[in-house]
Amino acid sequence: MKRIAGFLFVLFFVVSSGSSVFAQGFRGMSDVVPPPFVIYPSERADISGKDVLTLKWKTPGSFDIDHVEFKLYKGYITADSNLVYKEDVDPVESEVDVKADLLQDGQTYTMYLRSISREGYKSDRVFNSFQVIKK
C-alpha cells in the first residue's frame, strides 16, 4: 500500500511539474513569426522579352500574418539609396510583379522579405540576391 501511495505521489509530482514546464515552453510564443521562404528567383532571373519579373515566396501557413514586407534593392547593399521597389503584400498572394523597365541587364538585385503579424511582431529578415538577364 505504501508503494502504491508513493508511486502515485511521484507520478502526481512528475505530471504536475511537467505540465507547468510544458506551459512555460509556450508562453511568449505568440510573438514568434516565421519568415517567408524564397521560391523564385534563385541565382538568375531571365526576363528577356517579358514586361515583368515575378518574384515568388512561400508564406508559412496557420500563423497570424497580416502582410509580408517586400523590398527590392539594386546591388547587395540594402540601403534606402538602392531601393528600387517596395510593397506590403497580402500573405496569401506570396508574389510580386516588378516592371522590367525598373531592371537593368546584368545587374544584381537583392530581394528583402519579412512577415509581419497582426499584432505587429516581425519575423527575421530574408535576403535573396540574383542577377537579371534581359536581352
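**Notebook: rings, charges and strands**

I began with Phe70, which at 1% relative accessibility counts as buried; I take buried as under 20% relative accessible area, exposed as over 50% and partly exposed as in between, with a 1.4 Å probe and protein chains only. Before going on I noted that this is a predicted model, in which local features need pLDDT of at least 70 and side-chain atom pairs count only at pLDDT 80 or more, while totals for chains, interfaces and linings use all residues. I also noted that residues are numbered from 1 along each chain as its sequence is written, and that side-chain values use heavy atoms, with hydrogens and water left out.

**Entry on confidence**

I looked up pLDDT, the predictor's confidence in each residue from 0 to 100, and found that the protein chain averages 84, with 76% of the residues scoring at least 70. Over residues 19–28 the pLDDT is below 50, and this stretch has zero contacts in the model beyond near neighbours in sequence, a contact being heavy atoms within 4.5 Å. Where pLDDT is low, the predicted coordinates should not be read in detail.

**Entry on rings**

I searched the whole structure for aromatic pairs and noted four; rings of Phe, Tyr and Trp (its six-membered ring) pair if their centres lie within 6.5 Å, and planes under 30 degrees apart count as stacked, over 60 as edge-to-face and the rest as tilted. One of them is the stacked pair of Trp57 and Phe70, with 5.9 Å from centre to centre and 10 degrees between the planes. This pair links distant parts of the chain, since Trp57 lies in strand S3 and Phe70 in strand S4, 13 residues apart; strands (E, at least two residues) are DSSP runs, numbered from the N terminus. Trp57 counts as buried too, at 2% relative accessibility, and Trp57, Phe70 and Tyr85 form one aromatic cluster.

**Entry on strand S3**

I then followed S3, whose covered face holds Leu53, Leu55 and Trp57, whereas Val52, Thr54, Lys56 and Lys58 make up the uncovered one. In a regular strand the side chains alternate between the two faces of the sheet. Strand S1 (residues 37–40) runs antiparallel to S3 and is joined to it by three bridges, with Phe37 opposite Lys58; two strands pair if DSSP finds at least two bridges between them. S3 also pairs with strand S6 (residues 95–99) in the antiparallel sense over five bridges, and there Thr54 stands opposite Asp97.

**Entry on charges**

How many salt bridges are there? I noted three, a salt bridge being a side-chain nitrogen of Lys or Arg within 4 Å of a carboxyl oxygen of Asp or Glu. Arg118 forms one with Asp64, the closest N and O atoms being 2.5 Å apart. That pair links distant parts of the chain, with Arg118 in the loop between strands S7 and S8 and Asp64 in the loop between strands S3 and S4, 54 residues apart. Arg118 is exposed at 56% relative accessibility, and Asp64 is partly exposed at 33%.

Glu69 and Lys71 meet in a salt bridge at 3.8 Å, N to O; Glu69 is buried, with a relative accessible area of 18%, and Lys71 is buried at 18%. The charged end of Lys71 also sits over the ring of Tyr112, 5.3 Å from its centre (NZ of Lys or CZ of Arg within 6 Å of the ring centre and within 35 degrees of the ring normal).

Key:
Helix = DSSP H or I, 4+ residues; strand = E, 2+ residues; numbered from the N terminus.
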